[in-house]
Amino acid sequence: MAASQAVASSPRGHVPGEEGVWVFIGGDLIVFAVFFVTYALARQQELALFESAQALLDRRLGLLNTLLLLTSSLFVAQAVAAVRRGDDRARRLLLGAILLGSGFVIVKAFEYSAKIAQGFTLNSNSFSIYYYMFTGIHLVHVLIGLGVLCFTLSRFDRAGRRQGGVALIEGSGAFWHLVDLLWIILFALLYLL
Amino acid sequence: MAMIWRSRITWVWAMLIAATFLSFETMALGNAFLLRSVILVIAFTKVLLVGREFMELRHAPRWLLWGFQSWAILTCLVLIALFRT
């Protein structure tokens, strides 16, 4: 048990995936930090409008999407650990992560269509512009992440044997976790605060 | 299959889920500055957990770990300051 756990975790001083992935992740974190601060400043300018528009969002759908992404991230983290152990269940775990991530997209599409049907569109007010812009950019990240996970899944054969090194699943996993942590902040800013 | 779920990352996931419900319930208590700060601190604690545990940054070189943690702490502090009203 202890030996399998030691193999399943990354060695100390190890950069997960390719270093280029981390350059991209670092850039994305800086860009989103600017987004968050811009949103907070705009909220200060039109506090009453932001609070009333925010109340129109369905917080339960935001909560559901948070649970889907967190659980999808767990599946990816387990898949990375399984690959390190040489465990053939990695393929199924990755497939589970993709299904949960797809669930996020379906919930988001339902949420968008419900809001648009209620007349809450991109041009409704300042809050709606930020809401659609930030969640839209994040949704593009989710779709790219799902594409990357599908590509990683395609590197496994039906028996669960993997082609190539660990770096591919580590890198795609790191990107998927980035998608998850950006949503954690967006959920707090747009739905809860 | 059950054995792989009894691992450290599963416990981390359980904490993340619990923290999500905690912030959701905190929001229902009102809109005071203290409550807004609590929600932001919970969110960025979750971010640190995802980075350190799921992204495995706790095993990464110090420059990468502290680059990430500094980003999270600084962004959290700036947002708390901006959400004081």
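Modeller: A word on the annotations before we start: UniProt positions are given in the numbering used here, and annotations may be inferred rather than shown by experiment. Also, this is a predicted model.
Biologist: Okay. Which residues of chain B does UniProt list as "transmembrane region"?
Modeller: Residues 33-51 and 63-83 of chain B, from an unreviewed entry.
Biologist: How far apart are the end C-alpha atoms of residues 33-51 of chain B?
Modeller: They are 27 Å apart, and that stretch is 100% helix and 0% strand. For residues 63-83 of chain B the ends lie 30 Å apart, with 95% helix and 0% strand.
Biologist: Where does UniProt place the feature in chain A?
Modeller: At residues 21-42, 62-81, 93-110, 130-153 and 174-192, again from an unreviewed entry. Residues 21-42 of chain A are 100% helix and 0% strand, with end C-alpha atoms 31 Å apart. Residues 62-81 of chain A are also 100% helix and 0% strand, and their end C-alpha atoms lie 29 Å apart.
Biologist: Switching to packing. At what angle do H3 and H6 of chain A pack?
Modeller: About 55 degrees, with the axes 8 Å apart; H3 covers residues 47-54 and H6 residues 126-154. That angle makes H3(A) oblique to H6(A).
Biologist: Which residues make the contact?
Modeller: H3(A) contributes A:Leu49, A:Phe50, A:Ala53 and A:Gln54, while H6(A) contributes A:Ser126, A:Phe127 and A:Ser128.

Technical notes: Residues are numbered from 1 along each chain as its sequence is written. Chains are lettered from A and ligands numbered from 1 in the order in which they are written. This is a predicted model: local features need pLDDT of at least 70, side-chain atom pairs count only at pLDDT 80 or more; totals for chains, interfaces and linings use all residues. Axes are lines fitted to C-alpha atoms, for helices over the stretch in contact, and angles run from 0 to 180 degrees between N-to-C directions. Helices (H or I, at least four residues) and strands (E, at least two) are DSSP runs, numbered from the N terminus. Angles under 35 degrees count as roughly parallel, over 145 as roughly antiparallel, 65 to 115 as roughly perpendicular and the rest as oblique. Two residues are in contact if their C-beta atoms, placed from the backbone, lie within 7 Å.
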